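Hi,

Here is the structure I promised to pass on.

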Amino acid sequence: MDKINDLINKNVGDIYLKEPLSKHSSWRIGGPADVLIEPYNIEQIIEIIQYADLMKIPTAIIGNGTNLLFSDEGFRGIIVKLGNNFSRYTIKGEKVCAEAGIWTPKFAKILSDNGLSGLEHAIGIPGTLGGLIFMNGGSGGKCIGDIVKKIWVIDRNYNLISFSQKECDFSYRKSVFQDSGYIICKIELECEIGEKERIKSEMRNILNKRKNKFPLNYPNCGSVFLSNPVMNDTVAPPGKLIEEAGLKGYQIGGAQISEKHANFIVNLGNATAKDVISIAQYIRKIVYQRYGICLESEVKYLGELGSLRSLHEVGIIEKR
Ligand SMILES: Cc1cc2nc3c(=O)[nH]c(=O)nc-3n(C[C@H](O)[C@H](O)[C@H](O)COP(=O)(O)OP(=O)(O)OC[C@H]3O[C@@H](n4cnc5c(N)ncnc54)[C@H](O)[C@@H]3O)c2cc1C
């Protein structure tokens, strides 16, 4: 902790010490981070990362924590949260630019207010735009990558570099940014001029469908296991397989396979990361035994010491 005193005296954003990560997780799970910083601009992000590298302090970048499971032990280093403080945007005709921390549903609504079409499918996805790009998230067969024009990231040498849509190498829930160590900072999207009322009505329909389908009354992280169009067509989506295996309602500690949607693991109140990991492993085992299919998770697990892995790759909790 002594190591970060210098950083606290610098102007790098809002700083929180021993911050419970459960406050930054849609699962409401996670122990304390030594430090959590919410920077306001690119210069501050670079300053934090440069300092942490120099002092050999682990760092992790997060958005709204809606696709992340934090360790019960928290994080021994600096969490850099790109959220509200880093969420300015500009709109010039069909060209829109936003900082990575903007909340996706809010941005989708702003675009619809401006008669711009392209982000309707993301109206119910509760993370930041940076997180959405990282995951190439989307719904109803659409992905954010479809309308990306350009992305600016901070690379490992602390330079701000840009990626064209092609260079982002988007595919189903994948982008070049996963495993790259790059920090997504600014996003340019290419929207289409649309009819405001049509855009808004499509968004209302999407929100209604999601409300009926998803267990939104308990903390969760959205769909845990990856579905993809090929798997959907040839076998079934993961939720269907888990449901047919009779696992709805199955519980370990405070974590439960949702009664409403079997691809959701909900926190009934006191779930730990260990509960979620155990239940995810159990689901994978049963689905494999029954169907011979190895489910993969879209949720990432951030270990106490900084490792970032897909949830299905987590065996035992990270050792010191
Ligand atoms: C109720 C619910 C419904 C959901 N529905 C959907 C859905 O329909 N479709 C869908 O695709 N997803 C869905 N999700 C999952 C999630 O909301 C998305 O993946 C979202 O885009 C993640 O954004 P985030 O800001 O919360 O990212 P986080 O969870 O904070 O981070 C996710 C990953 O992105 C990385 N990351 C985040 N920001 C940056 C950045 N600026 N630079 C570099 N790396 C970064 C993190 O390190 C982490 O590995 C749902 C989640 C919930 C809780």
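Over residues 28–194 the chain is 19% helix and 32% strand, with the end C-alpha atoms 38 Å apart. Helices and strands here are DSSP runs (H or I, at least four residues, for a helix; E, at least two, for a strand), numbered from the N terminus. That stretch is what the UniProt annotation "domain: FAD-binding PCMH-type" covers, in an unreviewed entry; UniProt positions are in the numbering used here, the feature name is shortened, and such annotations may be inferred rather than shown by experiment.

Before you read on: this is a predicted model, where local features need pLDDT of at least 70 and side-chain atom pairs count only at pLDDT 80 or more, while totals for chains, interfaces and linings use all residues. Residues are numbered from 1 along each chain as its sequence is written, and side-chain values use heavy atoms, leaving out hydrogens and water.

In contact terms (heavy atoms within 4.5 Å), 16 residues of domain 1 meet 19 residues of domain 3. The buried area is about 1500 Å², 60% of it from carbon and sulfur atoms; that is the accessible area (1.4 Å probe) the two parts lose on being put together, summed over both. On the domain 1 side, Trp-27, Asn-67 and Leu-69 lose the most area to domain 3, together 41% of what that side buries.

What about charges? Three salt bridges are counted between domain 1 and domain 3, a salt bridge being a side-chain nitrogen of Lys or Arg within 4 Å of a carboxyl oxygen of Asp or Glu. Glu-73 also turns up in a salt bridge, with Lys-274, at 3.6 Å between the closest N and O atoms. Strand E4 (68–70) and strand E5 (75–81) each supply at least two residues of the domain 1 side that touches domain 3.

The whole structure has 13 salt bridges. One of them joins Lys-10 and Glu-47, closest N and O atoms 3.8 Å apart. This pair links distant parts of the chain, 37 residues apart: Lys-10 sits in the loop between helix H1 (5–9) and strand E1 (14–20), Glu-47 in helix H2 (residues 42–55).

Cheers
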